[in-house]
Amino acid sequence: MCTALALCASNTCLFGRNLDLDAGFGQQVVVTPRKFSFEFRGGLVNADHEALIGMATVINGYPLYAEATNESGLSAAGLNFPGNAVYHPRKEGATNVAPFEFIPYVLTQCQNLAQVRELLGSLSVLDEPFAPQVPNSPLHWLIADKSGALVVESMADGLHWFENPLQVLTNNPPFDFHLENVKLYLNVSPSWPGNSFAPDVDLAPVGVGFGGRGLPGDSSPASRFVKAAFERSATLALSDQVSVSQFFRILESVAMVKGDTLNQSGQPEFTVYSSCCDTSDGTYYYTTYGNHQITAVRLPEDLEVDSLFEFPLVEGEQFNFVN
């Protein structure tokens with residue numbers, strides 16, 4: 001369970017997500033410098049590329065990114081897609097990329113969405129895990145830059161990719177369902193409501209807070225997609241400026257509270273962390289479930305090296321006492 005979005009305006013372009021699970025997974029902020037050698041399962045070796053910053057688990061010196069942004073401002077995030085994600089045997093004549101390396105492959109080969117579209121034409125997602133004890137996660141991906149966003153889904157009948165004008169992604173069902181489902185909420189508005197029920201009767205709202213009336217409030221993927229898309233649109237309609245604080249407010253509106261949603265194992269799903277990358281300068285911001293204070297990680301000055309930079313998360317609530 002996850003929610004990802006891109007939010008771009010005249011002053012900056014932001015990309016991030018909520019990652020919702022029933023436990024952490026050893027995640028930390030990881031910067032992959034320009035000379036780190038990626039040896040992709042399809043045979044390509046790339047040791048001269050743009051640096052990446054994002055959230056990852058590092059296993060045997062390799063960054064398994066949940067989401068990341070490169071120096072050109074191109075970003076990608078993988079979101080849970082069980083029951084629909086299907087990976088394929090190695091295909092002759094195709095670019096075979098394993099799901100765990102999809103994000104670094106795209107972000108080290110491309111600088112913008114135009115290049116991503118060209119790349120996807122020959123790409124096949126390879127059914128090959130990182131290691132026997134590290135199986136593949138069933139994923140689909142949101143990829144975005146300042147020009148827009150794409151959704152990529154590897155399914156039984158092959159690779160699908162979609163233009164995503166709403167620039168939001170959650171989980172199942174497939175993306176084309178979400179585009180249809182959001183049409184059920186065309187009446188939702190942030191505006192003060194007028195009386196269209198009985199115009200000849202003197203009726204007025206009983207209080208404030210009627211903007212967004214009719215939005216779903218549960219944590220299902222379809223509901224989170226609608227809510228996040230509405231909040232994103234309302235933010236952009238309010239101003240041509242966006243901020244990191246506003247981005248986190250949108251993520252908070254679809255965050256999962258520990259205890260209100262149990263998974264099939266009976267464990268509570270919750271928002272393990274929320275992230276926001278300012279893609280203009282690569283600054284990565286995050287909060288965790290137990291720490292609401294926003295922590296920022298900047299790209300190191302020397303990126304012409306070959307060793308990962310790892311930044312353990314700041315955990316535990318950070319209180320500022322005023323006497």
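1. Contacts of His88. Beyond its neighbours within four places in sequence, His88 is in contact (heavy atoms within 4.5 Å) with Ser124, Val125, Leu126, Asp127, Ser154, Met155, Ala156 and Gly158. Its side chain reaches the backbone oxygen of Met155 at 2.8 Å.

2. Basis. The model is predicted: local features need pLDDT of at least 70, side-chain atom pairs count only at pLDDT 80 or more, and totals for chains, interfaces and linings use all residues. Residues are numbered from 1 along each chain as its sequence is written, and side-chain values use heavy atoms, leaving out hydrogens and water.

3. Setting of His88. His88 lies in the loop between strand 8 (75-80) and strand 9 (95-97); strands are DSSP runs of E, at least two residues, and helices are runs of H or I, at least four, numbered from the N terminus. His88 counts as buried because its relative accessibility is 10% (buried is under 20% relative accessible area, exposed over 50%, partly exposed in between; 1.4 Å probe, protein chains only).

4. Leu203. This residue sits in the loop between helix 3 (175-181) and helix 4 (221-238). Leu203 is partly exposed, at 43% relative accessible area.

5. Strand 16. Six of the six residues in strand 16 (283-288) are buried. Thr283, Tyr285 and Thr287 point one way; Tyr284, Tyr286 and Thr288 point the other.

6. Partners of strand 16. Strand 15 (270-278) pairs with strand 16 in the antiparallel sense over six bridges (pairing needs at least two DSSP bridges). Tyr273 stands opposite Thr288. Strand 17 (291-297) also runs antiparallel to strand 16, joined by four bridges. There, Asn291 is the bridge partner of Thr288.

Conventions
A polar contact is a pair of N or O atoms within 3.5 Å; within protein, one must be able to donate a hydrogen and the other to accept it, and residues adjacent in sequence count only if both atoms are side-chain atoms.
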